[in-house]
Amino acid sequence: MHELPADEDGVQDWAEYEPAIRRQEAFSGRPAPLPTEVGPKGGRRLTADFAEWLMWLPDGHVTDVPGLTRTQQLHKIGNGVVPAQAYEAFRWLMQQNEEERDHGPQAH
């Protein structure tokens with residue numbers, strides 16, 4: 001079992017997720033924010049900053065919107081789409097459409 005650090009020390013033991021976290025940090029050029037914080041009842045809970053980072057959204061894209069609670073931020077982030085994934089899906093669909101237009105419908 002891995003103990004989570006206190007928020008103020010800024011160190012996180014990512015355990016088996018370390019390689020994936022470091023890859024995303026390298027690709028994004030942004031360090032991973034702490035994934036959890038102490039909630040109002042003293043337990044650990046997910047931070048909206050970490051969820052935003054996981055979705056490859058720019059820092060503050062959701063978390064700096066005035067008036068949104070943490071719950072609302074997580075709801076919006078969770079209902080969103082990773083922009084790079086959406087771009088790739090749209091690019092693939094456009095390519096399929098172009099091929100169909102040029103060569104007719106293909107049996108899949």
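This is a predicted model: local features need pLDDT of at least 70, side-chain atom pairs count only at pLDDT 80 or more; totals for chains, interfaces and linings use all residues.
View 1. Residues are numbered from 1 along each chain as its sequence is written, and side-chain values use heavy atoms, leaving out hydrogens and water. Helices (H or I, at least four residues) and strands (E, at least two) are DSSP runs, numbered from the N terminus. From that end, the elements run α-β-β-α-α-α. The protein has 108 residues, and 24% of them count as buried. Buried means under 20% relative accessible area, exposed over 50%, and partly exposed in between (1.4 Å probe, protein chains only).

**View 2. Helix α3 (residues 70–78) has a buried side.** Q73, L74 and I77 are its buried residues. They sit on the same side of α3 because they cover an arc of only 95° around the axis. That arc is taken from the directions from the helix axis to the C-beta atoms. An α-helix has 3.6 residues a turn, so residues three or four places apart point the same way. T71 and H75 are exposed, on the face turned away from the buried side of α3. Strand β2 (44–46) and helix α2 (48–54) are among what covers the buried residues.

**View 3. The largest nonpolar core holds 7 residues.** A nonpolar core is a set of buried Ala, Val, Leu, Ile, Met, Phe, Trp, Tyr and Cys residues joined through side-chain atoms within 4.5 Å. Here the members are A48, A51, M55, L57, V62, L74 and I77. Helices α2 and α3 are the elements that give two or more residues to this core. Another core, of 5 residues, lies apart from it, and includes I21, A32, F50 and W53.

**View 4. A48 is in contact with T63, Q73, L74 and I77.** Its neighbours within four places in sequence are left aside here. Contact means heavy atoms within 4.5 Å.

**View 5. A15 has a positive phi, near 55°.** Most residues other than glycine have a negative phi. A15 lies in the segment before α1 (18–28). A15 counts as partly exposed because its relative accessibility is 24%.

**View 6. W56 also has a positive phi, near 65°.** W56 is a residue other than glycine. W56 lies in the loop between α2 and α3. At 35% relative accessibility, W56 counts as partly exposed.
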